[in-house]
Amino acid sequence: MAKEEFRVYNSMTQQKEVFTTKEPGKVGMYVCGITAYDFSHIGHARAAVNFDVLYRYLMHLGYEVTYVRNFTDVDDKIIRRANESGENPLSLSERFCQEYLADMDDLQCLSPTHQPRVSDHLEQIKDMITQIINNEYGYVVDGDVFFSVEKFPNYGQLSGQKLENHRAGERVAVDPRKRSPFDFALWKAAKPGEPSWESPWGHGRPGWHIECSAMSAHYLTFKFDIHGGGIDLIFPHHENEVAQSCAACQESKISYWMHNGHVTNNNEKMSKSLGNFFTIRQITERYHPLVLRHFLISAHYRSPLNYTVSQLDSASDTIYYIYQTFQDCEDALLQHQGEILTEGLGKTAKKDPVSSAAEECINNLRSEFQTRMADDLNTAHILTGAFQEALKFINSTLTSLKKKQPKKQQLSMIQALISVKKELREVLDVLGLLSSSTSSEVLQQLKDKAVKRAGMVEDDILKLIDDRTQARKNKDFARSDQIRADLSALGIALMDVGKETVWRPCVPVELAPPPPPSEENKSTPLAEKKPTEQQVAQPPAVEQNKAAQEQTVQDAQPHEENKATVPV
């Protein structure tokens with residue numbers, strides 16, 4: 001099967017381009033990381049996950065990738081938060097760097113090749129500022145160093161912003177010491193209560209924009225392949241990076257600028273400054289990290305992604321179905337372990353040709369995956385189509401395998417299961433959705449999260465299953481149906497398997513509205529009314545857990561100015 005050309009959207013040229021590297025077989029990639037002063041929200045997670053998918057896909061294509069993602073640990077926001085809490089700014093930032101790394105582990109983001117911190121690269125930053133001054137693009141005023149925007153005629157080439165369209169002073173007071181109101185700080189003179197370092201211009205600290213220019217050049221040189229980040233960084237951060245890097249080295253050239261879209265909440269950008277965000281932790285307390293990762297790649301990386309609880313529920317259902325299919329497949333293969341070992345199945349494609357149906361399934365899956373990923377990482381709906389057909393193929397094959405079959409046909413089915421499952425796992429691996437835990441462990445983790453979202457413990461569910469079983473024995477089918485409906489509304493599906501009833505997580509189903517009261521019930525005094533079926537089906541423990549859950553929600557609110565409601 002011929003490989004598709006990998007095409008990426010370049011923000012600089014505003015078009016898709018065939019991806020070619022500066023050095024054959026090698027990729028240099030720099031992605032702007034977080035400013036570490038608080039727990040990271042799912043907007044940060046989207047950038048990390050989408051560029052992790054790019055990292056994995058480039059390695060899947062055979063490239064040797066040097067991936068650099070920085071931490072900003074010297075910044076106004078960090079200093080302000082540290083002063084509020086009475087903490088050392090670098091200590092506070094280090095703490096939240098570690099929290100971010102823990103979140104990245106949960107989301108199965110691979111560790112970048114380098115994760116530089118600003119505080120460890122002051123010499124490189126000062127050297128670049130010196131180059132900019134020597135090339136007459138920077139100037140010193142009272143210990144501050146500014147970049148002269150008007151000296152750089154190509155300013156605005158990335159963002160399309162034109163200086164004449166901006167009215168200086170509308171949002172921030174203009175520093176009268178600047179030659180132009182659009183000039184920005186490369187170095188900030190020391191102020192009381194702020195961390196500072198020695199420099200040729202006096203004690204101070206770097207401006208925000210210079211940090212990434214200096215660190216990217218240090219690890220990747222002034223010429224590298226990909227610079228990425230959130231779309232909100234295009235202006236002014238990345239525009240200023242272009243100007244600084246070119247001012248320091250005229251040969252500076254980044255081949256592709258890639259930017260991911262916002263995560264929105266009610267179609268408004270999710271951000272700490274707006275206070276409408278959810279932290280990664282708040283989501284992963286209630287949903288499996290794989291679910292959040294799947295949600296974050298469910299739209300094209302350049303498109304806005306609107307946060308809703310229903311989308312998380314749907315993503316959870318998809319992940320459960322995938323791993324339940326894997327578990328069923330593994331159980332079946334374990335039962336046929338003898339045949340697998342005897343026949344040497346699954347070792348080489350030449351010895352174990354798959355059936356035409358399995359081969360078609362694999363080819364369709366591979367072709368669709370390659371086509372979508374090669375088209376600017378089009379991960380939207382990537383777990384639908386051929387991927388879903390492959391899961392259906394496994395399930396239908398498992399059903400057939402339970403029936404008595406001639407040995408040759410049975411061996412063919414076993415080989416088909418091994419081959420199709422292997423292909424599915426490869427797709428999930430590139431997407432970062434292949435867990436290091438066993439399928440059974442992932443399923444149990446998903447069930448634990450579903451129970452938590454329902455405000456219950458598993459014993460509550462088992463008690464209701466027993467109640468429903470007894471109601472069916474008593475032919476009280478209205479009661480039986482109500483228990484099932486009540487649980488379904490909480491995201492718990494009951495399934496009757498033979499004489500046994502089992503449960504699994506599901507997308508919560510809204511209960512039908514109750515019928516209007518009859519004339520007889522209208523006149524019944526409240527004290528004489530019987531409890532509704534739903535109230536009967538709801539054990540006291542559930543109500544207690546709901547109250548505990550509400551208290552947990554209150555306790556989990558973002559601190560200080562960042563007030564947002566946890567999804568319930």
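Which residue takes a positive phi in the hairpin of β5 and β6?

## The β5–β6 hairpin

It's Asp142, with a phi near 55°, in a hairpin that has 2 residues between its strands. Keep in mind that this is a predicted model.

The strands themselves, β5 (residues 138-141) and β6 (residues 144-147), run antiparallel and are joined by 4 bridges. Across the pairing, Tyr139 faces Phe146 of β6.

## Aromatic pairs around the hairpin

There are 16 aromatic pairs in the structure.

Tyr155 and Phe235 make another edge-to-face pair, with 6.5 Å between centres and 75° between planes. Here the link spans 80 residues, from Tyr155 in the loop between β6 and β7 to Phe235 in helix α6 (residues 234-248). Tyr155 counts as buried because its relative accessibility is 13%, under the 20% cut-off. Phe235 has 27% relative accessibility, so it counts as partly exposed.

## Other ring contacts

Ring pairs also build a cluster out of Phe6, Phe19, Tyr57, Tyr63 and Tyr256. And for another charge over a ring, check Lys447: its charged end sits over Trp503, 4.4 Å from the ring centre.

How values were computed:
Residues numbered from 1 in each chain as written. Predicted model: local features only at pLDDT ≥ 70, side-chain atom pairs only at ≥ 80, totals over all residues. Heavy atoms only, no water. Pairing = 2+ DSSP bridges. Phe/Tyr/Trp six-rings, centres within 6.5 Å; stacked < 30°, edge-to-face > 60°. Buried < 20%, exposed > 50% of the residue type's maximum accessible area, 1.4 Å probe, protein only. Lys NZ or Arg CZ within 6 Å of the ring centre and 35° of its normal.
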